[in-house]
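Good morning, and thank you for the time.

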Amino acid sequence: AATKIIFQGSGNQVIRIDNAIPARMSVSDAVATRAGSTVRAIAADGNLLVVGTDQSLEFFTLTPFGYYLKSREIVIDGGVGILALQGPLLVHGQRLNGEERLCIRDLETADFAIRGSVVLPSAPAALQLVGNLAYIACKDAGVAQVVDFTARDLPITLGYVNPRDDFSAQIAPVVDLYVDGTTMFLACGSGGVQIFDIANLSHPAFLQYGQVAGEARAVRAANGFIYVGTSLGEIAVLPYQGLSLSAVVPAYGSTAALESAVTLRFNGILQTPVNASLFSLRDSSNVLVPGSLIHSIDGNSSLLTFRP
């Protein structure tokens, strides 16, 4: 979306919506990509609209009459799933020479040629640009990749962030990401939301974890809160920069044996005495499990252990 304008993809159409007055949004224009294609990604900057489809990259220019006209189309085998504009550069993912790659195109050249590219471990699911850094969510590989494209002809990978797999019964994918300064927020499906300090990409430091109903599919953060789009069609709001969970045993979604204890580890010390009425354990049928709650301290962390 651009200022006061929303671009929405549907089938092979991109609809431009006037959002100047949110209570009275209206469709102001629509463009069509190549017949039979499906829109996957949209980016707009100034008078340029770029659309990635499952077949191509397509470029539209805003005319003096206030509507877009297609100015160029580049057929791409396998299509384009992510893209972003930064000045005269287009950064996008595509399959190139049999590999998934992040590509840098120079839109000031006559043919919009690829100036450089870097290999990705799997097809990208999300992309964020901050300056000359690209942050890529590689869902199936279960990593976030950080690429420096300062040298347009030779972008380099600075490092990877691997989410923890011990928060769910499955290997955590990286479905979406959001970076604010040196803090990276990852939406990890059934692995919840995981937060890392990436000031040192050689050793990303795990900071915080949060679980949502369903799976975490999208993530953004602002003003001390994390906003998570879930597989249930909801937006969950979680506090950030406060006391939070750093471990759950057994992992969320895994089956615990009868009479087994459940332990929560916090990233700080809880105020004592702990109010046991704030915590409960329920079985797969949402029936309350009777038991006792034990608070212990391990280093700089509080442990809450529920014993049936």
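**Aromatic rings, strands and cysteines**

Y178, F185 and Y240 form one aromatic cluster. Rings of Phe, Tyr and Trp, the last by its six-membered ring, are taken as a pair if their centres lie within 6.5 Å; planes under 30 degrees apart count as stacked, over 60 as edge-to-face and the rest as tilted.

Before I continue, a word on the source. This is a predicted model, in which local features need pLDDT of at least 70 and side-chain atom pairs count only at pLDDT 80 or more, while totals for chains, interfaces and linings use all residues. Residues are numbered from 1 along each chain as its sequence is written, and side-chain values use heavy atoms, with hydrogens and water left out.

How many aromatic pairs does the structure hold? There are six. One of them joins F7 and Y68, edge-to-face, at 6.0 Å centre to centre and with 70 degrees between the planes. F7 belongs to strand β1 (residues 5-10) and Y68 to strand β7 (residues 68-75), so this pair ties together parts that are 61 residues apart in sequence. Strands here are DSSP runs of E with at least two residues, numbered from the N terminus. Both F7 and Y68 are buried, where buried means under 20% relative accessible area, exposed over 50% and partly exposed in between, with a 1.4 Å probe and protein chains only.

Next, consider F196 and F206. Their ring centres are 5.6 Å apart and their planes stand at 75 degrees, so this pair is edge-to-face. F196 lies in strand β18 (residues 193-197) and F206 in strand β19 (residues 205-210), so the pair ties together parts that are ten residues apart in sequence. F196 is buried, at 4% relative accessible area, whereas F206, at 22%, counts as partly exposed.

I turn now to a sheet. Four strands form an open sheet in the order β12-β13-β14-β15, with antiparallel pairing; two strands pair if DSSP finds at least two bridges between them. Which strands stand at the edges? They are β12 (124-130) and β15 (156-161), each with a single partner strand, so one side of each is left without a neighbour in the sheet. Even so, five of the seven residues of β12 are buried, and β12 is therefore largely enclosed by the rest of the structure.

Six bridges join β12 to β13, and P124 stands opposite C138 in β13. In the hairpin of these two strands, which has two residues between them, G131 takes a positive phi near 60 degrees. Six bridges also join β13 (residues 133-138) to β14 (residues 143-148), where the partner of I136 is Q145.

Finally, the cysteines. A disulfide is a pair of cysteine sulfur atoms within 2.5 Å, and by this rule the count is zero. C103 is buried, with a relative accessible area of 0%. For C188, the closest cysteine sulfur is also in C138, at 13 Å, too far for a bond.
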